[in-house]
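Reader: I have the entry open and would like to go through it with you piece by piece. Could you take me along, starting with a single residue?

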Amino acid sequence: MVSTKLYTAIYAVLFVSATVQVLVEFAGLSYWLAFGVIMVLSAAKAVLVAAYFQHLRFEPRSLTYLVGIGLVAALALTLAASYSLL
Amino acid sequence: MTDASPGGDAAADGGHEVARGGDDHDFPGTGSIKRWFVTTNHKDVGILYIVTSLFFLVLGGVLAWLMRIQLLAPRALGEGILAPVAYNQAVSAHGLLMVFWFLSPFAFGFANYVVPLQLGAKDLAFPRLNALSYWLYLFSGILFGVSFFQGGTFSGGWTMYAPLNVPTFTPDVGASTAVLALVLFVASVTVSSVNFLTTMHRMRAEGLTLRNVPLFSWTILLTAWMMLFAFAALLAALLVLSSDRLLGTTYFAMESPAGALLWTHLFWFFGHPEVYIVFFPALGVMAEVFQTFPGRRIVGRKWFILAMVLVAIQSFAVWMHHMFLTSINLQVKTLFMITTIGISLPFDLMVFALIYTMLKGKIRFTTPFLFVFGALLLFIIGGITGVFLGAVVLDYEFRGTYWVVAHFHYVMVGGVTALVGGLYYWFPKMTGRMYDEFLGKLHFAVYFVGFNLLYFPLFVAWETPRRVFDYAPELAPWHQLATVGGFVLGLSFLIMFYNLFKSAFVGDPAPDNPWEYATTAEWAVSSPPPLENFDGTPTYRDGHLEFIDDGEVAPSEERSGGPTGAAVSDGGVTASATRAVTADAELPTAEATEVEGPSHASIWPFVLSAGAFLVLLGLSPLQDAAFPEGMVGAAYATTAVAGGVVTLGSLVAMGLEPFHGPVFEEGEAWPFAGIDNGKVGMWIFLASDVVLFGGFLGAYVFTRVAFGWTGWEPIPSDPIPGLVNTYILLTSSFTVVLALVAAEKKHKWGLVTSLGATFVLGIGFLVNKGLEWQHLFHEGLWLSTNVRASTFFLTTGLHAAHVIAGLVVALYLTARAWRGAYLEDSRSVEYFGLYWHFVDIVWLFLFPLFYIL
C-alpha cells in the first residue's frame, strides 16, 4: 500500500489545485479556455482521489472499469441530451 | 422451504451452531406466520415476491377491466362507469402497477428462487439486503395503494410527462404519493441489483465460468446490470420530480427552458432499458424451457449470449426513439433511428436460435412449453410492429395511437406469457407438488385466445387516440371485441389460481426432476430444496455438476478466522472466502469474525421498510416545502418524524445485529476475484450513484444549454464559501484515509480521533453550507425563484444529503471504534471511506460548475 507521506503529499496537491481553480477564474482568460482548464483540474483531482484515497490503483482493474461504465452512461445521457437541443 | 428442522441443516453444515443461541434456533418453519416476516432465505423471498406480484397483477388487471368497460363505446365526458379523471387515474395506475409492481418483481421472484441454485450458492451475497428489497417493494406498493385515497392517485399517464406531472396540473396529494412510492420502489430495485450482481459475479461454484452459466441466470445477470444503471437515472428523474412537487423547484414547470424535454430524456434513458429489463427474464425462461421440452441444448449458445450482451449495452443508446415528435433535432433522430433498427438484429438471432432448437428436438407439449411457445409467437408480432415505430416517418403517424398500445402489450404481455410458463415450470420445484396438467393446458388455451382477442383488434383500431375514451364510432366493434378478450384473458387466471392453489396442497408429489432433459442445477436437488440448497459443496470442476462432502473443504477454511489456517494456494481468494462469512450489508459489523452457520432470520428489513414507508407518507402533502395547515399537516409531519426514528433505529439495530451471510466456498468470481463481497457491493452501488449524480448534473447541463450556456450566472456571487467547503471536504477525505491507516496499525486512539475529525469536518461543511444558503435566502433567492436557483439548491442539496448520510455512518463508526472495534478487521472503515471519497469527488465537480463557471 501507500505510505502516509504520499497520502499527505496528495492531500497537499488537491488543496493547492482547488485554490488554483478559483485563481484561474480571476486570471482574465477567455471563458472557454478557463472552462477547459478548470474542468481538467477537477478531473485530475477526481482521478487522484479515486486512484489513491479509494486505492483503485491497487485493486483489480475490473473495479475501475465498473466505475468507468457508470461514468460513460452518465456522460452519454448528458452529452446526447444536450446535443439534441442544438 | 424445508419443514425439516433448520437446526438439523445447520448441524449438517459443520456443526458450528453451538457458539451462540443463533438465529437458526429462532427460525420458524414455513407454516408459521412469523417465518415470513423474518426470513432472509432466497427461496422464501422468491415466493414472497411471486405471491405479492400476483396480487398487483390482479389489481392492475381490475383497473384494465374498468378501462375496457369504459371503452365499450366511444364516450363523451361523464358517460360510462368512470369519471374523466378516474379514467386517467386508471390508465396511469394500470401502467405503473403492471410495469413496476407486477412484471419485474414477478420475474425477480423466479430470479430469487432459481439463480442461487443455478449458481451453486447457498444464498445471495447479502441475505438481509435481499429481504430488505422485498419489504421495500411491498411497502412501495402499499404506498401506491394509499395514493388512491389522498384525493386521487397520479393521473398523468405512466410516462409521467412534464408539465402534466407538476402540481399545477395534477394537484392531488395522491399524485405526489404515487411519485414517492416509485422512489421507494427504485430503492428496492437498487438494493436488489447490487445484491444480485455481487452474488452472480462472486459466488459461482467452482468451474462454473460465466460462459457456462445457465441461460436464465444469464438473463438475470444482464437484467441486473441494466437495472443498476437505468434505475439510477429514473431515481434522478423521480427525485427532481419529487422536489418540483414537494419543495417547489421549477425544473419541469412550463416556464423553464426545455423542462418538458428534460423529463423525456431522463425518463426514456431509463425507460428503454426498462423494456429489456422486463423482457430479458422472460427470454431466460423461454431459453430454459425451449431446451428442456424439445430436449436439445440451445443452438448457437455462445451467439445467443453475445446477442443478449449486445442488446443490454445498446439499450442505453436508443432512448430518443420515444421522442421523435419532440423538438429534438433531425440529426439525432436519424442517429437514434439507426441504433433502434440495429437493436432488432440481435433479437432476430435469438428468435431463430429458439426456433431452430425447437425444430431439432422432439417437442413435448407440456403447459410450460405451450406458454413459452405462445410467448415466442406473440413476441415476434410485438417485435415486428415495433420496427414500424422505430422509423421516424412512420412514427409521426403512429405516435400516440393504439398502434403503440397494441405493440407494447404484445411485447410486455408476451413476456408475461413466458413468465407464466416459468411459473408452471418451477412450480414443482417450489412446492414439491405437480400442478394439474389438463387445467394448465386449458389455462393456456383460454389465455392465448383471450390475449389475441384483446390486443389484436387494437392494431386494427389503431387510429384510436391513446389515453382517451373517445374515438371514432366505426371503431366500436373492434373495441367491443377487445373488451371481451380482456375478460377472457383475465378470467383465464382463475383457472391458474385454482390449479396452483389446489395442487400446492394436494397435487402429486414432485420428484427432484420432473422434467426429463432439464439440466440446470436446481433440478439436481430435492423439491423443494433444503434450506441451504445443497448437502455438499457443488462443483463443476470436472465439467459436470458434483457435490463434494462439506467435511472435506469447509472446516479448515471456516474455522481459521484469520490467514493462518487458510494457507491454501492463492492467499487473495482464500482470504476473501473466509471474510465473506460476515460480509452482509454495506458496512458489516466486522468484529464478529468468529464463524458460525449462516443466519436466516432478521426482523429489521421489515421494520426499516415500514419506517421508510412512514417517512414518505408523512412527506407526501408537502407543497413549496410546507405542510398543510392545521391538524392534517401536523399528523403528516408527526408520521414523517416517527418514520424517521424507526428508519434510523432499525438501521442501527441492523448494524449491531450479529448476522452471518452464506459461507462462501472457493469458486468462480470473474471479474471480481480476490475482492471482498462487501467491497464489490459497495463499488457496484457507487457506480449506480455515479449515474444518479450524472442524471442531476445532466439535468443541469441540459437546462443550461437550453437557457444559453454563457448567459447563465452562478447563483452564489462569491465562490469563497464554496472554496472553503472544498478545503473542508478534502481534509475530511484525508482524515478518513488516516483513520484507515490507524485501524490497520491497530492504533485505537488514532482511529477514534481521525473518525471523530471526519465527523466534525462534515458538520463544518454543513454549517458553512447552511450559512451560505441562509445568506442567499436573505437575498431573496429561493428554490422556486427560477430554474437557475432550482438547479443550484437541489443539486448541492442532494450532495448535502449524501454528506448527512455519511455523517450518520461516521458517528456510528466513531462510537464503535471508541469501544474498540475495527482494529482486527478494518473493512467497515474502508468501505465507509470509499463512499466518503466518492462524495468528495462529486463536490470536486459541483464546486466549479455551480460556483465559478
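Author: Let us start with B:Arg467, which counts as partly exposed at 26% relative accessibility, where buried means under 20% relative accessible area, exposed over 50% and partly exposed in between, with a 1.4 Å probe and protein chains only. The model is a predicted one, in which local features need pLDDT of at least 70, side-chain atom pairs count only at pLDDT 80 or more, and totals for chains, interfaces and linings use all residues. Residues are numbered from 1 along each chain as its sequence is written, chains are lettered from A and ligands numbered from 1 in the order in which they are written, and side-chain values use heavy atoms, with hydrogens and water left out.

Reader: Where is B:Arg467 placed in chain B?

Author: B:Arg467 is in the loop between helix H15 (437–460) and H16 of chain B, with helices (H or I, at least four residues) and strands (E, at least two) being DSSP runs numbered from the N terminus. Its phi is near 70 degrees, a positive value in a residue other than glycine.

Reader: And what about phi at B:Ala258?

Author: B:Ala258, which is not a glycine either, has a positive phi of about 60 degrees. This alanine lies in the loop between H8 and H9 of chain B and is partly exposed, with 25% relative accessibility.

Reader: Staying with the backbone, which peptide bond is cis with omega near -10 degrees?

Author: That is the bond from B:Ser527 to B:Pro528, and B:Pro528 belongs to the loop between helix H16 (476–506) and strand E1 (537–539) of chain B. B:Trp670 and B:Pro671 are also joined by a cis peptide bond, with omega about 0 degrees, and B:Pro671 lies in the loop between helix H20 (630–656) and helix H21 (677–707) of chain B.

Reader: Let's zoom out. How many helices and strands does chain B have?

Author: Chain B comes to 25 helices and two strands. Its radius of gyration is 27 Å, close to the 29 Å that the globule rule gives for 853 residues, so chain B is as compact as a globular protein of that length; the radius is taken over C-alpha atoms, and the rule is 2.2 Å times the number of residues to the power 0.38. Taken along the principal axes, the C-alpha atoms of chain B fill a box of roughly 80 × 70 × 50 Å.

Reader: What share of chain B is buried?

Author: Of its 853 residues, 64% count as buried. Among the contacts in chain B with a separation of 6 or more, 83% come from residues 24 or more positions apart, a contact meaning heavy atoms within 4.5 Å.

Reader: Which residues have the most contacts inside the largest nonpolar core?

Author: They are A:Phe53, B:Phe100, B:Trp101, B:Phe231, B:Phe304 and B:Leu751, in a core of 311 residues; a nonpolar core is a set of buried Ala, Val, Leu, Ile, Met, Phe, Trp, Tyr and Cys residues joined through side-chain atoms within 4.5 Å. Helix H8 (residues 215–246) of chain B gives the largest share of this core, 24 residues.

Reader: What does B:Phe231 touch?

Author: Leaving out residues up to four places away in sequence, B:Phe231 touches B:Phe100, B:Phe185, B:Val186, B:Val189, B:Met226, B:Phe270, B:Glu274 and B:Ile277.

Reader: Now chain A. Is A:Ala46 buried or exposed?

Author: A:Ala46 is buried, with a relative accessible area of 10%, and is found in helix H2 (residues 31–53) of chain A. Not counting residues up to four places away in sequence, this alanine touches B:Ile841, B:Leu844 and B:Phe845. A:Ala46 and A:Leu14 are 32 residues apart in sequence and 9.2 Å apart in space, C-alpha to C-alpha.

Reader: Back to chain B, where is B:Gly152, and what does it touch?

Author: B:Gly152 is in the loop between helix H6 (127–147) and helix H7 (173–202) of chain B, and it counts as buried at 4% relative accessibility. Residues up to four places away in sequence aside, B:Gly152 touches B:Gln89, B:Ser147, B:Asp172, B:Gly174 and B:Ala175.

Reader: Last one: which helix holds B:Val289?

Author: B:Val289 is in helix H9 (residues 259–292) of chain B and is buried, at 0% relative accessibility. With residues up to four places away in sequence not counted, B:Val289 touches B:Pro294, B:Pro368, B:Phe369, B:Val372 and B:Tyr425.
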